[in-house]
Amino acid sequence: HCEMSELFLSKGKHVFCEKPMGVNRSEMDRMLAAQRKSGRQLAIDFEMRASSACRRMKEIAASGELGGLKGIEFIHHRGGWLAEGNMIWRTDPARSGGLYFMEPCHEVDFFRWIMGEITHVQSFKTPNVLTQYPENMPDNVFSHFFFEGGAIGHLSTTHSLSVFTAPLDKYDELGHDMCFVVTGDAGAMRLDCIGEKLLVVKFAEYPKGTHGKRVELDRFETFKGSDSFHDIEGNRLAFLKS
């Protein structure tokens, strides 16, 4: 979205972009420079920050209920993109920026929102098995994130397990899953993004009088509706209000 953003910012217009912001670092730097020069607002649609289930996870993490935050995970098995229709450009890094710019960018933003700034990252992949994905466009990626506060994050996303035509009520048995886990020293929580359910657990001393801990159920929280994980409308309204 680089050329369009530069043009409208130069005309004094605020700009709201979908992903990818740009397809490389150079384009993103150009957009930021144009924004700073214009004094207008430039926003990218990271809708998790507006979505109810994700905001609830942020609230719990910030409350101290889980204790000091030690780790965060994101696991995603999803259907692959095909080289047809509006999916053709997604598998072309020159047009999409690559897998991270198309998909896990949302989860990285969520990681930073919950855990703080990232200092460094380690990433690797297995060899591609979906042949429409070029060698420089992985159909899987596994990354470790190291945060300023000492916490560790893990992100795993693969396109080679989930059955392409799967009804929502069959997602689980047909290889689709999508969840976040945040772990503290007093408890943990897991958001099942497809099932729209948040599991919260606590660590209790066991047996009593020892230093051992066991994981005990604290509660479930449920979320239903389009705003639980992908509240695009809420994010656009927040942009318009700002």
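Student: Helices here are DSSP runs of H or I with at least four residues, strands are runs of E with at least two, and both are numbered from the N terminus. With that in mind, where does proline 20 lie?

Tutor: This is a predicted model, and in it proline 20 lies in the loop between strand 1 (15–17) and helix 2 (25–38).

Student: Which way does the bond from tyrosine 206 to proline 207 go, cis or trans?

Tutor: The bond from tyrosine 206 to proline 207 is cis, with omega near -10°, and proline 207 sits in the loop that lies between strand 9 and strand 10. Most peptide bonds are trans.

Student: How do strand 9 and strand 10 pair up, and how many bridges join them?

Tutor: They run antiparallel, and 9 bridges join strand 9 to strand 10, which covers residues 213–222. One of the pairings puts alanine 204 with arginine 214, its bridge partner in strand 10.

Student: What does the side chain of arginine 214 do?

Tutor: Arginine 214 meets the side chain of glutamate 216 in a salt bridge, at 3.0 Å from N to O. With 37% relative accessibility, arginine 214 counts as partly exposed, and glutamate 216, at 24%, is partly exposed too.

Student: Is glutamate 196 buried or exposed?

Tutor: Glutamate 196 is buried, because its relative accessible area is 17% and buried means under 20%.

Student: New topic: how many disulfides are there?

Tutor: The count comes to 0 disulfides. Cysteine 17 is in none, with the nearest cysteine sulfur, that of cysteine 2, 9.4 Å away, and cysteine 193 is in none either, the nearest cysteine sulfur being that of cysteine 54 at 6.2 Å.

Student: What about the largest nonpolar core, which residues touch the most other members?

Tutor: Phe110, Phe180 and Met189 do, out of the 37 residues in that core. Among the elements that each supply at least two of its residues are helix 3, strand 3 (69–77), strand 5 (140–147) and strand 7 (177–184), while the largest share, 6 residues, comes from helix 6.

Student: How many residues of helix 6 are buried, then?

Tutor: Helix 6 is mostly covered, with 10 of its 11 residues buried. Just after helix 6, glycine 116 takes a positive phi of about 100°.

Student: Back to salt bridges: how many does the structure hold?

Tutor: It holds 15 salt bridges. In one of them, glutamate 59 and arginine 56 meet at 2.2 Å from N to O. Both residues lie in helix 3 (residues 52–63), 3 residues apart, about one turn of the helix. In an α-helix there are 3.6 residues a turn, so residues three or four places apart point the same way.

Student: Which residues are linked with them in a network?

Tutor: The network of salt bridges links Arg56 and Glu59 with Glu65, Asp218, Arg219 and Glu221. Elsewhere, lysine 170 forms a salt bridge with glutamate 173, their closest N and O atoms being 3.9 Å apart; lysine 170 is partly exposed at 37%, whereas glutamate 173 is exposed at 60%.

Student: Last one: which residues make the nonpolar surface patch of about 300 Å²?

Tutor: Met4, Leu7 and Phe8 make that patch. Phenylalanine 8 is found in helix 1 (residues 2–10) and is partly exposed, with a relative accessible area of 44%.

Terms used: Residues numbered from 1 in each chain as written. Predicted model: local features only at pLDDT ≥ 70, side-chain atom pairs only at ≥ 80, totals over all residues. Heavy atoms only, no water. Pairing = 2+ DSSP bridges. Patch = residues over 30% accessible without salt bridge, like charges linked within 9 Å, V, L, I, M, F, W, Y side chains within 5 Å. Areas by Shrake-Rupley, 256 points an atom, 1.4 Å probe, with all protein chains shown as cover. Salt bridge = Lys/Arg side-chain N within 4 Å of Asp/Glu carboxyl O. Buried < 20%, exposed > 50% of the residue type's maximum accessible area, 1.4 Å probe, protein only. Disulfide = S-S within 2.5 Å. Core = buried A, V, L, I, M, F, W, Y, C linked by side-chain atoms within 4.5 Å.
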